[in-house]
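Hi,

Here is the structure I said I would pass on. Have a look at it first, and then read on for what turned up.

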Amino acid sequence: YNTILCPPTPALKRMIFTGFGTAISHQLCGIDAIQYYLSFILKDAGIVDRLHQTQILTCLGVLKLLCLFVAGPMSDRFGRR
């Protein structure tokens, strides 16, 4: 890895910065925390049936996946700036 990362080229610096920025933004938006604690949130909201909780969590995961399938081609079509 030394030959790749040391000294990093300007393009590699931008890629690393973009990768870290994306990861940090993903953590700061809080969706993972919501998914992790969703069963507790739903129980407090009155949905105590484990099957319904699992269905809601699965729907949230499918929605995230669909958003990825929409965002991927859009980023290719409009450019990755």
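To start with the cysteines: how many disulfides does the structure hold? The count is 0. Keep in mind throughout that this is a predicted model.

Cysteine 29 has no disulfide partner, and the nearest cysteine sulfur belongs to cysteine 67, 12 Å away. A disulfide needs two cysteine sulfur atoms within 2.5 Å. Cysteine 29 also counts as exposed, because its relative accessibility is 51% and the cut-off for exposed is over 50%. Cysteine 59 is in no disulfide either: for this residue the nearest cysteine sulfur is again that of cysteine 67, here 13 Å away. With a relative accessible area of 53%, cysteine 59 is exposed.

Next, the aromatic rings. There are 2 aromatic pairs. In one of them, the ring centres of tyrosine 36 and tyrosine 37 are 4.8 Å apart and the planes stand at 90 degrees, so this pair is edge-to-face. The ring of tyrosine 37 also pairs with that of phenylalanine 40, with 6.2 Å between the centres and 45 degrees between the planes, so that pair is tilted. Why tilted rather than edge-to-face? Edge-to-face calls for planes over 60 degrees apart and stacked for under 30, so an angle of 45 degrees is left as tilted.

Together, these ring pairs link Tyr36, Tyr37 and Phe40 into a cluster. Tyrosine 37 and phenylalanine 40 both sit in helix α3 (residues 31-44), and because they are 3 residues apart there, about one helical turn separates them.

Last, take a look at helix α4, which covers residues 50-78. Its 29 residues, at 1.5 Å a residue, should span 42 Å, and the end C-alpha atoms are 42 Å apart, so the two values agree. Just after α4 comes glycine 79, which takes a positive phi of about 95 degrees.

That's what I have for you. Happy browsing!

How values were computed: Residues are numbered from 1 along each chain as its sequence is written. This is a predicted model: local features need pLDDT of at least 70, side-chain atom pairs count only at pLDDT 80 or more; totals for chains, interfaces and linings use all residues. Side-chain values use heavy atoms; hydrogens and water are left out. Rings of Phe, Tyr and Trp (its six-membered ring) pair if their centres lie within 6.5 Å; planes under 30 degrees apart count as stacked, over 60 as edge-to-face and the rest as tilted. Helices (H or I, at least four residues) and strands (E, at least two) are DSSP runs, numbered from the N terminus. The expected span of a helix is 1.5 Å times one less than its number of residues. Buried means under 20% relative accessible area, exposed over 50%, partly exposed in between (1.4 Å probe, protein chains only).
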